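Welcome! Please take a moment to look at the structure below before reading on.

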Amino acid sequence: MSRAAERLRLLINHLDRPPADIRAETTGALSFNSSYPQRLRYSWDTDLLTPDQRLSYEENGFILIKNLVPEEDIDRFRSAFERICRQEVKVPGLMVMRDVAIAKSEFVQDQRAVSKLQDFQEDAELFRYCNLPQVLQYVECFTGPNIMAMHTMLINKPPDAGKKTSRHPMHQDLHYFPFRPADKIVCAWTAMEKVDRQNGCLVVLPGTHTGTLKEHDYPEWEGGVNKMYHGVRGYDPQHPRVHLEMEKGDTVFFHPLLIHGSGMNQTQGFRKAISCHYASADCFYIDVKGTTQENIEQEVKDIANRKYALGNDITFQDTWAFRGRLVQGERTSL
Ligand SMILES: O=C(O)CCC(=O)C(=O)O
C-alpha cells in the first residue's frame, strides 16, 4: 500500500492487519468434488446449487434465489439506513450520493435526498448483510472458500423527478474493478421490498457474461446522469432482456461481466436494495493503464483526492485494498 493509501486508511479508522493474520470462520463444510463436468466454468460444487442451477448460471450469468434474506434483517438494514439519512450516525468512509435531479433541489435531511449509500463497510449493522450465512453460502459457489467483501451499496432509487435520472444505464460491473479473474467475482443484490418494472427493477441481458469487458462512459442523457453511472458502449440493444421482478428478501447473484441496469422509478415510493460485490481473496490486482478502465480509474482517484487530499500517489488498487474486508476464509491476496 502506498503512503497516501496508508494515510487514507488511518483517516477512515480502518483497523488493518497484515493480510496473512486475518482469519474468519468458514460457514460450512465444503466438498469441492469433481462430480460435475469440467465445462462448468463459472461455479464451484459446494453441494448447494443443483445441477440445473449451475447450468443456468453458466448459461445466463445470474441466479435468483427466492426469499433468502429474512424480513427482520431487512427491516434492521432499513432502520440503519434511516439513521444515517437523519445524520444520527457518522460512518467513516461512507459515500452518500444524491440523485442529480434531486441534489439541486432544496436540501432535506432524510432519505428523500439520498439515492445511494456506498462503502458501508464501517457500519456494523449494514455490514451484517455481507456476513449473512444465507448469502455467503451462495457466494462461495462462485468465489470459492476465501471471500472478500469488496464493494457495498444500499440503493434507494427515488421517485423519478421527471428527468429519467433514476434510471441506471446498462453496464458491466467489472468496469469498476481493477482485480481479476472476473469469474471469481460475484454480486449479491437483495430486494428490500417488492421490485417490479414500475419502480425500476434490475434488467439483465442473459448470457452477456461470456463476452469481454466493453468500453464504458457517461451516457448522453438529456436530463443528466448520476455521478459514476457509466454506461456500456457498443452492446446489442436487441439482445433479449429479462426484468428481474423480486419480492422483499429475494436475492440475485450475478457475474461482473453480465450487462445489466435498472429502469426509471415511476412510483412515488423509494425502491430499496442492498448489495455487495464479493471476490475470491485469491484474486489479484491488475494495472488498468492502457485499457478501457482508465476513465473510471481517473474518476475514482479524483474523488479520493478531493475527499481526503492525498496527493497523486494513491492508486486505484489502493482504493480497493483498504475498502475490502475478509468475510470468510483467509486473506490470501486482495
Ligand atoms: O439497483 C440498481 O438500480 C442498479 C444497481 C447497479 O446495477 C449498480 O449499482 O451497479
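## Before you start

The model is predicted: local features need pLDDT of at least 70, side-chain atom pairs count only at pLDDT 80 or more, and totals for chains, interfaces and linings use all residues. Residue numbers run from 1 along each chain as its sequence is written.

Helices (H or I, at least four residues) and strands (E, at least two) are DSSP runs, numbered from the N terminus.

## Helix α3

Let's begin with α3, which spans residues 71–85 and has 15 residues. From its first C-alpha to its last it reaches 21 Å, close to the expected 21 Å, where the expected span is 1.5 Å times one less than the number of residues.

Phe77, Ala80, Phe81 and Ile84 of α3 are buried (20 or more other C-beta atoms within 10 Å of the residue's own, with C-beta atoms placed from the backbone; 12 or fewer is exposed, and in between is partly exposed). Seen down the axis of α3, the buried residues fall within an arc of 100°, so they line one face of the helix; the arc is that of the directions from the helix axis to the C-beta atoms. Glu71, Glu72, Asp75 and Ser79 are exposed on the other side of α3. After α3 comes Gln87, with a positive phi near 60°.

## Val204 in strand β9

Now turn to Val204, found in strand β9 (residues 202–204). Val204 is buried, with 26 other C-beta atoms within 10 Å.

Apart from neighbours within four places in sequence, Val204 is in contact with Phe62, Val242, Leu244, Phe254, Leu258 and His260 (contact means C-beta atoms, placed from the backbone, within 7 Å). Ser262 is 58 residues from Val204 along the chain, and their C-alpha atoms are separated by 8.5 Å.

Key:
Two residues are in contact if their C-beta atoms, placed from the backbone, lie within 7 Å.
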